[in-house]
Amino acid sequence: MREISSALVADAVARLCIEANIVLPKDVRDCIALREREEPWAPAREILGRIAENYAVAERERLPICQDTGLACVFLEIGQEVHISGSLEDAVNEGVRRGYREGFLRKSAVRDPLDRVNTGDNTPAMIYYEIVPGDALKITVAPKGFGSENMSQIKMLRPSDGVEGVKAFVLKAVEEAGPNPCPPIIVGVGIGGTFDKAALLAKKALLRETGAPSPNPFYARLEHELLEEINALGIGPQGFGGRSTALAVSIETMPTHIAGLPVAVNINCHVARHRTEVL
């Protein structure tokens, strides 16, 4: 049994909150650059160029890429041979508290969904726990802005709706979102499980390397088809038209009930922030 101090967890989460909000991952930058090269519509190319300029300035000047520094979504893969000394949840929240204070990041969390009083430190974090083999702790911080989160949808389809029903729902969700989630977007799709599991699958799909296909050939083809159809909608970067509405579609699946076909669509803006550290 390996012991990891909760203080180390808090330190790591604080670092990840700051870095995730300042440095856009290379896979996302590469996808934006590819879209700029391939975009035939001049105004869309200009917008993509300005997006690239913005994240370059953010990294150089150590400033947030976007003013909405999001709710802190923290994914923990905990080795079954690991023991955390102290409270893991408290350590994560302390890391978020410090990271958002020290990084001068906007605090966007409210203590209650209806009384709307700001907590003042961007806690509590949205924490997702997974027990895995081994003696390491993998921490991924993925700040999620709500311009895109608000555009996400979930639907309990009938099994008879099949693949065409899934495609129709995903396209409808993206079309209804329009320019609101700051395209070009990344579309996370979760299929299967239960109502809540489908939503979690969709969110975890956004953590995959941007543009990397599903290891399942069937779903890799479906991702490609959906990406082509989404980009044919003509929404374009920031809603100015063109063929660069989405950078990628990522699908995650799991088994489900014989009577169900849950499908969730979690949309992310082009500021697809995520940063990982392994303790």
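Residues are numbered from 1 along each chain as its sequence is written, and side-chain values use heavy atoms, with hydrogens and water left out. Because the model is predicted, local features need pLDDT of at least 70 and side-chain atom pairs count only at pLDDT 80 or more, whereas totals for chains, interfaces and linings use all residues.

Four strands form an open sheet in the order E4-E2-E5-E10, with mixed pairing, where strands are DSSP runs of E with at least two residues, helices are runs of H or I with at least four, and both are numbered from the N terminus; two strands pair if DSSP finds at least two bridges between them. E4 and strand E10 (275–278) stand at the edges, each with a single partner strand, so one side of each has no neighbour in the sheet. E5 and E10 run antiparallel and are joined by four bridges, and Val141 stands opposite Arg275 in E10.

Helix H1 (residues 6–22) lies across E5 and E10, running at about 40° to E5, while H7 lies across E2, E4 and E5, running at about 95° to E2. These angles, from 0 to 180 degrees, are taken between N-to-C directions of lines fitted to C-alpha atoms, for helices over the stretch in contact, contact meaning heavy atoms within 4.5 Å.

Strand E2 (71–79), strand E4 (126–132), strand E5 (137–144) and helix H7 (195–205) each supply at least two residues to the lining of the largest pocket, and H7 gives the most, with four residues. A pocket is an open set of points on a 1 Å grid over the protein atoms alone, where a 1.4 Å probe fits, with protein on both sides within 12 Å along at least five of seven lines, and lining residues have an atom within 4 Å of a point. The lining has 16 residues, of which Phe75, Glu77, Glu130, Lys204 and Leu207 lie nearest the centre of the pocket.
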